[in-house]
Amino acid sequence: MDTYAVFGHPIAHSKSPYIHAAFARQTGQALLYTAIDAPREGFRDAVMQFRAQGGKGANVTVPFKEEAYRLAGVLSGRARLAQAVNTLRFDGAEIYGDNTDGAGLVQDLTANLGVVLAGSRILLLGAGGAARGAIPALLAQGPARLTVANRTPARAEDLAREFAALGQVSASAFGTLAPEYDLVINATSASLAGDLPPLPESVLAGAQFAYDMMYGAAETPFLALAGKLGCARRADGLGMLVEQAAEAFLLWRGVRPQTQPVLLALRQQLTGC
Ligand code: NDP
């Protein structure tokens, strides 16, 4: 049976084995998907060993996406732009690297949540790996403008410069943001620690949609604040997780699975209802 795995550290709570098993059942594909906790200094060896044992492909998560980018001998255009790889496919002697995070985000926003990105004013909070993957995918949708704000402003400025050729993108510090955005996307890891990105409350109050890439059983602090401030439409990143997985599955198996039933089942598992 073809085998796949997700590599990360830690990895015990990964939802990817559940998602890919569900995709395999749904599409009638015979495959085995496991989670592998690679030591911080041992990612490359762990992947090579998995491949030597017949592994066909892998997902890669924190903290190994940049290392996976360096490991891949052939890169997709979007992996090259993101400078990070979350999906590997072992093609004979070649290791092909892709990045499906940005496509997963856009698919969740547009197809699952009905957000129109073309012509919209988007604020992206954060300038780490997730933001880097999201920027080219968001710009490809033709927003009126995309502003990147980050705690360390120089990182946002670097990203805005780097992606300037792809569309209307600029950088801002948190403190000087004005309430002029339709969609605010939290791509910081602040929610992981129960923190909030320090943006003026008026920005969230004036937005039509707030999206947090993080997800969990309870509403994230960012989404809770957006709700308190009157932002009616909100979503967490569970849909992005399922959609990026579907893109990876397509890359490996040549079949696009249906995401809605899997997303629904995962949401029920998370919330217990
Ligand atoms: P990185 O570590 O690469 O980047 C973290 C970013 O968060 C940086 O911009 C950092 O700012 C900022 N940050 C961290 N703490 C705070 C804080 N307290 N206040 C303000 N800004 C802060 O992480 P990733 O980009 O890989 O991931 C970001 C988030 O996206 C995570 O929550 C992750 O779980 C989520 N994610 C979700 C996915 C999904 O499928 N749903 C996929 C990928 C990521 P600075 O530069 O100043 O350090």
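How many salt bridges does the rule find across the interface of domain 1 and domain 2? The rule finds one, a salt bridge being a side-chain nitrogen of Lys or Arg within 4 Å of a carboxyl oxygen of Asp or Glu.

The views below show a predicted model, in which local features need pLDDT of at least 70 and side-chain atom pairs count only at pLDDT 80 or more, while totals for chains, interfaces and linings use all residues. Residues are numbered from 1 along each chain as its sequence is written, and side-chain values use heavy atoms, with hydrogens and water left out.

Figure 1. The domain assignment, automatic or from a database, gives domain 1 (2-99 + 239-271) and domain 2 (102-236). To the contact (heavy atoms within 4.5 Å), domain 1 contributes 18 residues and domain 2 contributes 19 residues. The centres of the two domains, taken over C-alpha atoms, lie 25 Å apart. Between them the domains bury about 1,400 Å², of which 58% is on carbon and sulfur atoms; this buried area is the accessible area (1.4 Å probe) lost when the two parts are put together, summed over both.

Figure 2. Helices (H or I, at least four residues) and strands (E, at least two) are DSSP runs, numbered from the N terminus. Helix 1 (residues 16-27) has twelve residues and, at 1.5 Å a residue, should span 16 Å, in agreement with the 16 Å between its end C-alpha atoms; the expected span is 1.5 Å times one less than the number of residues. Its buried residues (under 20% relative accessible area; exposed is over 50% and partly exposed in between, with a 1.4 Å probe and protein chains only) are Ser-16, Ile-19, His-20, Ala-22, Phe-23 and Ala-24. These residues pack against strand 1 (2-8), strand 2 (31-37), strand 3 (57-60), helix 10 (238-253) and helix 11 (260-271). After helix 1 comes Gly-28, with a positive phi near 70 degrees.

**Figure 3. The largest nonpolar core, around Leu-138.** A nonpolar core is a set of buried Ala, Val, Leu, Ile, Met, Phe, Trp, Tyr and Cys residues joined through side-chain atoms within 4.5 Å. The largest has 29 residues, and Leu-138 is among those with the most contacts inside it. Helix 6 (129-139) is one of the elements that give two or more residues to this core, and its six residues are the largest share. Beyond four places in sequence, Leu-138 touches Leu-105, Val-106, Leu-109, Leu-117, Ile-122, Pro-143, Leu-146 and Ile-185.

Figure 4. Leu-177 lies in the loop between strand 9 (169-172) and strand 10. With a relative accessible area of 7%, Leu-177 is buried.

**Figure 5. A salt-bridge network at Glu-247.** Salt bridges link Arg-78, Asp-98, Glu-247 and Arg-256 in a network. The side chains of Glu-247 and Arg-78 meet at 3.1 Å, N to O, and the closest N and O atoms of Glu-247 and Arg-256 are 2.7 Å apart. Glu-247 counts as buried because its relative accessibility is 14%, whereas Arg-78, at 32%, counts as partly exposed. Arg-256 is also partly exposed, at 43%.
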